[in-house]
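Here are a few exercises to work through with the model open. Try each one before reading its solution.

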Amino acid sequence: MYGEWLVLINTLFNLAILTFTARVTGVFVKNTRLLMSSICSSFVAVIGGQMLLMTILSFILLIGIAFRFKIRSFQKQGPIVLTATIIIGGLLTALQPYLKNLSAVHFIIICLLLAVGNLAAFYKQWGFVKLERLSGQFVFDTNLKIFDITIPLSAFVDTGNQAIEPLSGKPVHFVSYAALRSHLPVAFCKSLIEWQETDPYNVSMFSEDYQRYIRFIHVNTVQQQSVVLGFRFDEWHIKGEHSQVKTNEYIVLTKKAKNFPHSTAAILHFSALSNNS
């Protein structure tokens with residue numbers, strides 16, 4: 001009877017690990033194949049006991065039956081299965097002293113819940129790291145030229161930023177005011193502070209030299225639609241594998257830059273992903 005319990009426990013853990021691996025690697029596998037792989041691997045592991053050769057065979061069967069016996073499967077799914085196995089094994093080993101007084105049924109249920117919960121948390125974190133790595137490809141070093149001043153900025157291309165200046169249809173980018181403040185003319189910064197969001201069309205505090213750069217941009221927020229000031233820049237050199245220079249487009253200076261992705265100083269319009277300036 002003890003052997004049957006071991007097979008059952010191993011099968012359930014193997015099934016959780018295989019399901020996790022399939023999700024992480026984006027491979028669809030039928031449940032029947034996952035179950036068959038889990039059972040076969042469990043039988044070999046229980047029969048082989050602590051023998052290294054049988055443990056390796058059990059691992060090969062677990063990967064091979066579920067994801068087919070291909071070298072690519074062992075290269076792609078193999079490391080994930082091994083990592084998940086080590087994580088679950090370490091967790092259950094650490095908690096075993098606290099679970100030893102439970103009945104067999106309760107022990108299996110709690111261990112399975114712990115394993116599934118741990119893998120679910122690991123899967124969520126895995127997806128977050130993968131997304132961060134992917135979005136990091138949209139971060140660029142740039143040089144912004146405005147008011148005849150060139151300012152180096154790190155910038156992130158946001159595919160969700162589709163804001164445009166309504167008259168010309170030109171893209172609008174969002175830049176941290178804090179990142180530009182020390183580079184901008186004192187007179188301009190003073191005028192910008194005096195400008196009021198409650199009366200956005202009043203730009204009399206800006207000199208005529210600066211007023212010719214201004215456009216009124218409508219921005220949709222969660223609460224309401226608001227009008228902000230956009231300023232035409234001379235050019236923006238975006239560096240990278242395919243460098244480009246954008247000219248005569250618009251920026252909105254924002255004081256709320258704490259949530260800019262990857263701690264960048266600017267959020268570029270999605271058109272910056274194109275090589276067309």
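**Exercise 1.** Which residues in helix 2 are buried?

First, some ground rules. This is a predicted model, where local features need pLDDT of at least 70, side-chain atom pairs count only at pLDDT 80 or more, and totals for chains, interfaces and linings use all residues. Residues are numbered from 1 along each chain as its sequence is written, and side-chain values use heavy atoms, with hydrogens and water left out.

Solution. Buried means under 20% relative accessible area, exposed over 50% and partly exposed in between (1.4 Å probe, protein chains only). Helices are DSSP runs (H or I, at least four residues), numbered from the N terminus. In helix 2, the buried set is Leu 34, Ser 37, Ser 38, Ser 41, Ser 42, Val 44 and Gly 48. Seen down the axis of helix 2, these fall within an arc of 170° (taken from the directions from the axis to the C-beta atoms), so they line one face. Asn 31, Thr 32 and Ile 47, on the other side, are exposed.

**Exercise 2.** Find the salt bridge and say whether its partners are buried or exposed.

Solution. Look for a Lys or Arg side-chain nitrogen within 4 Å of a carboxyl oxygen of Asp or Glu. The count is 1: Lys 246 with Glu 249, at 3.5 Å, N to O. Both partners are buried.

Definitions and conventions
Helix = DSSP H or I, 4+ residues; strand = E, 2+ residues; numbered from the N terminus.
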